[in-house]
Number of protein chains: 2
Amino acid sequence: MLHVAEAARVSVATVSALLNGTATVSPELTQRIEQAIRDIGYKRNAIARSLKMGTTRTIGLTVPHITNPFFTDVVSVIQQAFDRAGYAVMLCCTDEDLNTQDEQIRLLLDRMVDGLIVARVGDGGILKGIVEDANVPVVLLDRLCEGVDTDAVVLDNRRAVFDAVTYLIHLGHRRIGYITGTSDISPMHDRMIGYREALQAAGLPVAEELVRSGNFHEVDGYNATMQLLSLHDRPSAIFSANNPMVIGTMKAIRDIGLSCPEDISVACFDDFPWSDVFVPQLTTVAQPVQAIGEQAANLLLDRLAGNRDAPPRRLVLKGRLMIRNSCRPLGAIAQSVSA
Amino acid sequence: MLHVAEAARVSVATVSALLNGTATVSPELTQRIEQAIRDIGYKRNAIARSLKMGTTRTIGLTVPHITNPFFTDVVSVIQQAFDRAGYAVMLCCTDEDLNTQDEQIRLLLDRMVDGLIVARVGDGGILKGIVEDANVPVVLLDRLCEGVDTDAVVLDNRRAVFDAVTYLIHLGHRRIGYITGTSDISPMHDRMIGYREALQAAGLPVAEELVRSGNFHEVDGYNATMQLLSLHDRPSAIFSANNPMVIGTMKAIRDIGLSCPEDISVACFDDFPWSDVFVPQLTTVAQPVQAIGEQAANLLLDRLAGNRDAPPRRLVLKGRLMIRNSCRPLGAIAQSVSA
DNA sequence: TGACAGATTCGAAACGTTTAGATTAGCGTT
DNA sequence: AACGCTAATCTAAACGTTTCGAATCTGTCA
């Protein structure tokens with residue numbers, strides 16, 4: 001900017017005024033300055049600007065795994081929304097590890113991000129302190145956090161799983177395997193409640209051996225399914241907690257020599273584009289990813305626009321059961337259906 | 001830092017020296033300073049640091065679509081690599097649009113990223129000028145760019161498609177539909193050559209009506225497949241350019257009432273975790289995503305480490321044909337196989 | 001004619017660091 | 001006692017902006 005100012009024979013203050021439109025500058029100087037900018041190929045240094053202004057127009061976004069299609073989609077939506085608003089997005093993957101998450105958040109905070117969207121991992125960590133300091137607004141995505149009172153967008157997980165399990169029960173299933181993620185995050189907790197309530201509502205027992213948990217990876221789903229399938233009285237249906245884990249479930253079913261839905265019915269959380277192009281077409285609980293991403297972005301953008309001291313807002317969205325053909329009717333129902 | 005210095009009764013220079021280890025500071029002052037840092041909860045402002053140092057320890061990464069699993073995986077690997085090196089990653093999606101890409105790159109450059117990894121889109125744009133200015137190192141990912149001479153990591157696309165099509169020919173297929181992306185980017189160009197060469201090597205004609213192109217989206221794959229399937233003499237096999245497009249292909253096959261591989265064989269570019277868990281298990285060309293991401297990161301990290309004027313390096317990696325059961329043998333071969 | 005208002009433009013401080021070079025203190029030598 | 005050397009610390013300038021308040025200029029009006 002100094003060079004531009006010299007070349008145009010004006011002060012840097014005038015260049016700045018023109019660039020920001022903060023004061024009127026005469027046509028003549030405007031012309032000279034614009035010419036100088038073109039000649040020099042000047043680009044404003046956003047770092048210096050950030051330092052002075054105290055805002056970077058950059059936000060931080062952390063997710064456990066970007067390769068999980070649910071997060072991929074949400075990240076994509078969020079990125080677009082902030083892009084439209086002129087913000088840059090720094091993306092971090094925490095790999096479901098609390099220490100990693102804390103490091104990443106520190107990294108982002110060091111770089112003075114204006115706000116944070118966090119699909120958190122583990123419990124606690126530095127997140128709580130950050131929200132309490134209230135220097136940078138934080139929006140929780142997908143997962144609430146005990147004792148952290150801030151804006152959040154989540155699914156009605158309890159209800160979503162309740163509906164899915166109830167659907168399986170209506171098909172005649174009595175022993176329904178349930179594969180969950182690590183229990184320390186809110187969605188897994190709520191979904192488990194939905195599972196139990198659905199069984200109870202139908203007067204069915206909750207058999208603890210039918211509940212398995214894993215750390216969200218394909219291999220965890222595989223192992224959990226193997227365990228379920230080698231039970232003496234194995235389940236006739238399995239509900240799996242997310243996309244990577246259901247892939248493990250399908251592989252386990254294949255490897256053990258069974259097939260879906262003939263021998264075992266499968267449903268899972270999270271829908272994806274190819275859910276219905278292969279055989280079996282998977283019955284899933286679709287999350288409104290577009291809405292989730294947009295709402296999270298909007299909550300943060302609203303804070304960034306200055307609405308700092310409104311009370312924390314919590315948005316709860318509804319999932320949608322996508323019934324396809326990976327679950328088959330059992331017993332009497334099967335007969336009436338096939339009749 | 002000023003407050004810390006005051007609280008510890010030292011100068012800011014000493015605090016800085018301690019923090020950066022650029023000079024020895026006495027045990028006594030060290031202790032006072034550390035105490036003050038704890039008391040105040042001081043965090044160094046990376047923006048001010050960046051301004052002074054001229055480096056942000058942040059890189060920019062642009063991809064056409066993060067929801068394409070290929071890019072998702074590569075982004076994930078790259079993000080991890082830079083995270084390990086203490087860099088932050090700003091992610092942008094260009095949506096296969098040159099103007100968007102130019103805007104995003106400008107946004108990143110404004111923010112003084114130290115380097116750029118670009119899976120480019122369209123042709124030209126501001127990319128060329130940036131590489132020539134040589135202020136920030138650029139690594140091209142997946143796609144080369146005419147006239148832009150810089151580090152790059154790409155696949156041997158010609159060879160990969162040559163192998164895949166040759167495989168189909170060996171199965172007895174003679175009319176092989178080919179669905180490509182927009183032809184202005186290098187991989188699509190090279191792959192097309194691979195397709196033609198494979199046909200020619202087998203003495204087969206290249207029928208132009210069997211070649212269709214689309215803009216990488218599911219719907220484009222759907223439309224292209226519909227066109228291929230409604231040809232008078234329809235192909236017995238289809239090779240589809242990427243993951244979203246092959247989903248469209250599978251949907252079109254289903255909607256038209258055919259099935260794969262019985263009526264039509266399908267293969268595609270890019271492998272993904274669930275390629276082999278559903279029916280049919282897709283035959284694909286797997287790209288070494290891990291290696292691609294790591295190499296791209298390494299090239300850039302090397303430049304960032306100061307190796308600025310080494311000549312541009314171009315890494316060409318090999319794809320791998322993953323043979324599954326979405327392609328069936330035809331004619332005489334089919335008989336000998338089933339015999 | 002002189003004072004005043006409004007429109008432009010400018011000088012300089014500030015944002016929070018890093019760092020070159022100056023200063024100071026401590027200590028062994030001669 | 002004077003000197004030089006080393007180690008520790010400090011002063012102040014710089015990075016590239018924004019912005020406050022002051023300065024200048026041009027008319028206008030009493």
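This section describes the DNA-facing surface, the nonpolar cores and the aromatic pairs of a predicted model.

The surface near DNA strand C was examined first. DNA strand C is surrounded by 23 residues. The closest are Thr14(A) and Ser26(A) from chain A, with Met1(B), Ser16(B) and Arg49(B) from chain B. Of the atoms of DNA strand C that come within 4 Å of the protein, 73% belong to sugar and phosphate.

In chain A, a polar side-chain atom of Thr14(A) lies 2.7 Å from a phosphate oxygen of DNA strand C. In chain B, a side-chain N or O atom of Ser16(B) is 2.6 Å from a phosphate oxygen. For Arg44(B), the distance from a polar side-chain atom to a phosphate oxygen is 3.3 Å. Two or more residues near DNA strand C come from each of four elements: helix 2 (12-20) and helix 4 (46-53) of chain A, and helix 2 (12-20) and helix 4 (46-53) of chain B. Helix 4 of chain B gives the most, with 4 residues. By class, the surface near DNA strand C holds 10 nonpolar, 7 polar and 6 charged residues.

The largest nonpolar core contains 153 residues. Those with the most contacts inside this core are Phe82, Ile117 and Tyr195 of chain A, together with Phe82, Ile117 and Tyr195 of chain B. Beyond its neighbours within four places in sequence, Ile117(B) touches a series of residues in its own chain. Among them are Ile59(B), Gly60(B), Leu61(B) and Thr62(B). Ile78(B), Phe82(B), Val139(B) and Leu141(B) are also in contact with Ile117(B). Another core, of 40 residues, lies apart from the largest one. Its members include Ala88(A), Met90(A) and Ile105(A) from chain A and Ala152(B) from chain B.

Aromatic pairs were also searched for. Over all chains, the whole structure contains 15 aromatic pairs. One of these joins Tyr178(A) and Tyr195(A): the ring centres are 4.5 Å apart and the planes meet at 20°, so the pair is stacked. The two residues are 17 residues apart, and their pairing links distant parts of the chain. Tyr178(A) belongs to strand 6 (residues 176-180) of chain A, whereas Tyr195(A) sits in helix 9 (residues 186-201) of chain A. Both Tyr178(A) and Tyr195(A) are buried. Together with Phe239(A) and Phe269(A), Tyr178(A) and Tyr195(A) form one aromatic cluster. Tyr195(A) is also among the residues with the most contacts inside the largest nonpolar core.

Notes: Residues numbered from 1 in each chain as written. Chains lettered and ligands numbered in written order. Predicted model: local features only at pLDDT ≥ 70, side-chain atom pairs only at ≥ 80, totals over all residues. Heavy atoms only, no water. Near = heavy atom within 4 Å. Polar contact = N/O pair within 3.5 Å; in protein donor to acceptor, adjacent residues only side chain to side chain. Nonpolar A, V, L, I, M, F, W, Y, C, P; charged D, E, K, R; others polar. Core = buried A, V, L, I, M, F, W, Y, C linked by side-chain atoms within 4.5 Å. Buried < 20%, exposed > 50% of the residue type's maximum accessible area, 1.4 Å probe, protein only. Contact = heavy atoms within 4.5 Å. Phe/Tyr/Trp six-rings, centres within 6.5 Å; stacked < 30°, edge-to-face > 60°.
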